[in-house]
Amino acid sequence: MQTAEIRRRWLQFFGDRGHTVVPSASLVSDDPSLLFTVAGMVPFIPYLTGLIPAPYPRATSVQKCIRTNDIDEVGKTPRHGTFFQMNGNFSFGDYFKEQAIQYAWEFLTNAESDGGLGFSADDLWVTVYEEDDEAIAFWKRHSSLPDDRIQKLGKDTNYWSTGQPGPAGPCSEIFFDRGPEYGVDGGPATDDDRYVEIWNLVFMQYQIADVRSKYDFEITGELPNKNIDTGMGLERVAFIKQGVDNMYEIDQVRPVLDKAAEVSGRRYGAVHEDDVRMRVIADHVRSALMLITDGVQPSNEGRGYILRRLLRRTVRAMRLLGVEGATFPQLFPASRDAMRDAYPEVGEQYDRIARIAYAEEETFLRTLAQGTTILDVAVDRAKQDGRPAIGGDTAFLLHDTFGFPIDLTMEMAEEAGVHVDRSAFETLMSEQRSRAKADAKSKKTALADLSVYSAFRAAGETVFLGYDALQAESRVL
Ligand code: ATP
Ligand code: MG
Ligand code: MG
Ligand code: MG
């Protein structure tokens, strides 16, 4: 089943059940405390918190998301993309827990000929918050799951809160069992490689106060308007339905992976390290394509820096596959062609997208070799001196003069067997920021874009934390 078909079925199913179909918002979130849209619920935050009355009682969407906090998992787990799409159904004080559970079960297990996904109940597990007896009862009532495939878990995995006084509530998550060849028995609590999380149902139910931490607070009462917020990973369902091993091999991503293999002359499936690199390339190219489409440009700050990291990590991964020259003119069109049906703007704006992406590759290729030499020298010296890390000054020089994102430097250093003095690097970075600020002030220039980014920084952790990822995302700067 193609990704587009799963998406279509989703919107049809919830549309048929009274949900207003809302188009995906931009990856660049309206919420100034967030770098990117990290979950389907982000565009609905004002309705979920009650800040603005919802214009509809129930809604559904397929939302483009970016989660940079998952970047280190990409290519290594089967299920983490920096870009992915989250299918969501939402109720704003309308239906609640029982109906949400019933919908989820129906959509997953209804026959394909009946508009569902046709999952076998035998392959599914759910987790519930250990004290949420209602959820357990509703799963028993509406699903055919045996009792031992409804696992009770604690607050750390199955509770949602913002970490602040306000709404909170238990979650129930749905997992697909890939079978014994992928890991040990025992359900989602024991193995997240075998049991792949596909769908999270959040029941916003309580008012909390006395918040000591995200999972330590007092429940002071029931919310007058209880909300439903769910998120199903489109790519995760797609890789399962397409019978492939991971989300980088689905129809929307695989063509880039194949192109990386073709250009490098290496075969996917031959050497594990190369496979990871090809998956990283396929992921990052798609994420960069979608970010540029939504107006992000490479830069050294904020959103642009994330994009730069994705692009430069791609260049480096291609070099590790043995390719020296420019490859974006081959990789990006493959991603465009795989994504343009779902997002026509990717095709319509491709000239602009290509200009930005290809120029970034050219720039980085010019400095990569030089920077690599500098890093090699620093690594050798550290090893000779018996130091476990290269200095923050080298990392800063590589960042500032050669455009090496810090995680790239760290990755390259780790590969050579040493660490990077990260805190010295951060000190140099913040000194540079202060200098730039002082400079800007003395020139009395109004740097509109920079002030936007410092507002992100100032916002720090006081954001609405919909999912764990929101928190990590807000810390990116
Ligand atoms: P995981 O535990 O696998 O990292 P999560 O608990 O962080 O997932 P949620 O925040 O609950 O994910 O998001 C809702 C759904 O979105 C998940 O059940 C999953 O299907 C999907 N999802 C989350 N992160 C990613 C990602 N990086 N790539 C692809 N799909 C994702
Ligand atoms: Mg999870
Ligand atoms: Mg989850
Ligand atoms: Mg996660």
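Colleague: Why is helix α6 (residues 234–241) called mostly covered?

Modeller: In α6, 7 of the 8 residues are buried. A residue counts as buried if 20 or more other C-beta atoms, placed from the backbone, lie within 10 Å of its own, as exposed if 12 or fewer do, and as partly exposed in between. The buried ones are Leu 234, Glu 235, Arg 236, Val 237, Ala 238, Phe 239 and Ile 240. Helices (H or I, at least four residues) and strands (E, at least two) are DSSP runs numbered from the N terminus. A word on the source: this is a predicted model, where local features need pLDDT of at least 70 and side-chain atom pairs count only at pLDDT 80 or more, while totals for chains, interfaces and linings use all residues. Residues are numbered from 1 along each chain as its sequence is written, and chains are lettered from A and ligands numbered from 1 in the order in which they are written.

Colleague: What do the buried residues of α6 pack against?

Modeller: Their partners are α1 (3–16), β2 (58–66), β3 (83–92), β7 (166–177), β8 (195–213) and β9 (216–233). Packing here rests on contact, meaning C-beta atoms placed from the backbone that lie within 7 Å.

Colleague: Now α12, please. How does its reach compare with the span expected?

Modeller: Helix α12 (350–384) has 35 residues and reaches 49 Å from first C-alpha to last, close to the expected 51 Å. That expectation is 1.5 Å times one less than the number of residues.

Colleague: Where does α12 bend?

Modeller: At Leu 368, by about 35 degrees. The bend is the angle between axes fitted to the seven residues ending there and the seven starting there. Leu 368 is also among the buried residues of α12.

Colleague: How do α10 and α12 pack?

Modeller: They meet at an angle of about 145 degrees, with axes 10 Å apart. Axes are lines fitted to C-alpha atoms, for helices over the stretch in contact, and angles run from 0 to 180 degrees between N-to-C directions. Phe 328, Pro 329, Phe 332 and Arg 336 of α10 meet Tyr 350, Ala 354, Ala 357, Tyr 358 and Glu 361 of α12.

Colleague: What makes Asp 210 stand out?

Modeller: Asp 210, in strand β8, has a positive phi of about 50 degrees although it is not a glycine. Most residues other than glycine have a negative phi.

Colleague: Is Asp 210 buried or exposed?

Modeller: Asp 210 has 10 other C-beta atoms within 10 Å, so it is exposed.

Terms used. Contact = placed C-beta atoms within 7 Å.
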